[in-house]
Amino acid sequence: MLPRYGKAHNRCPGAKARSASGNYGGMMVPRVFAVDMHEVDSGKFQDSRNSGFSSYVFVTVLLVSISALSIGWSLGIAGASKLAICLFQDEDPSSASGDFAKHIMFSDNSWSVAIGMLSVGGLIGAMSSGAIADRIGRRNSLVINNGFFLAGSVWMATATTAVHFTLGRLVMGIGCGVASNVANTYVAEISPIGWRGFYGSFFQLAIMLGVLGTQFAAMLVDHMQWRVVVAVPGI
């Protein structure tokens, strides 16, 4: 709310007139918000503890939870689609050649690294996201974070080598780490106190739905189709 500067007796108790230097009672503060007492008494302001269901908050939480779907999908799809993606060293290498081959050549160790790289990226994203979200805001952080989901998905979907695919998992992991921290914080901050537990459960539910979706997708994946499936979080 924009500050209103009327007579001092019309303001909330404790509010003082702003001087030209921005000095309030000898203490320098960047901004002060004062409201007329009649606006408080009129019922214009509502205690969030008494707030009921809000369709606006509900839709907002659903949109934020899309990032959790991407996290669940990223967690489940690589393992579920392993046989479609990988060509191990003891198999015929002909299907792992070409610009967009049917498979990517992996060893057991390199595949394990590729899977674990999502967690490494998640650690990086989670540790750096707090300071970033405080600086540019929760919503802006989530919007920018979609770039990591998009870049990681494209990188994996166009991978031709194990290193290429692994780097895509790393970038995707950064997006997952940022989303897991910032999305939960954002939901907690916009949710009324009485509905905070209800809305807070959406994130975990969306992750589980994402993992479940990968199991159904894996049944349909073969050869070139796995590239479409790993690109889903970028959509």
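Helices here are DSSP runs of at least four residues, numbered from the N terminus. The close-ups below come from a predicted model.

**View 1. Thr214, tucked into helix H8.** Thr214 sits in helix H8, which covers residues 196–218. With a relative accessible area of 0%, Thr214 is buried, because anything under 20% gets that label. Its side chain makes a polar contact with the side chain of Gln215, at 2.9 Å.

**View 2. Phe106 meets Phe165 edge-to-face.** The structure holds 9 aromatic pairs, and here's one of them: the ring centres of Phe106 and Phe165 are 5.9 Å apart. Their planes stand at 85 degrees, so this pair is edge-to-face; the cut-off for that label is over 60. Phe106 belongs to strand E4 (residues 104–106), while Phe165 belongs to helix H7 (residues 162–190). The pair therefore ties together parts that are 59 residues apart in sequence. Both Phe106 and Phe165 are buried.

**View 3. Trp195 and Phe198, another edge-to-face pair.** Trp195 and Phe198 pair up edge-to-face, at 5.6 Å centre to centre and with 75 degrees between the planes. How exposed is Trp195? Its relative accessible area is 26%, so Trp195 counts as partly exposed. Phe198 comes out as partly exposed too, at 39% relative accessibility.

Key:
Residues numbered from 1 in each chain as written. Predicted model: local features only at pLDDT ≥ 70, side-chain atom pairs only at ≥ 80, totals over all residues. Heavy atoms only, no water. Helix = DSSP H or I, 4+ residues; strand = E, 2+ residues; numbered from the N terminus. Buried < 20%, exposed > 50% of the residue type's maximum accessible area, 1.4 Å probe, protein only. Polar contact = N/O pair within 3.5 Å; in protein donor to acceptor, adjacent residues only side chain to side chain. Phe/Tyr/Trp six-rings, centres within 6.5 Å; stacked < 30°, edge-to-face > 60°.
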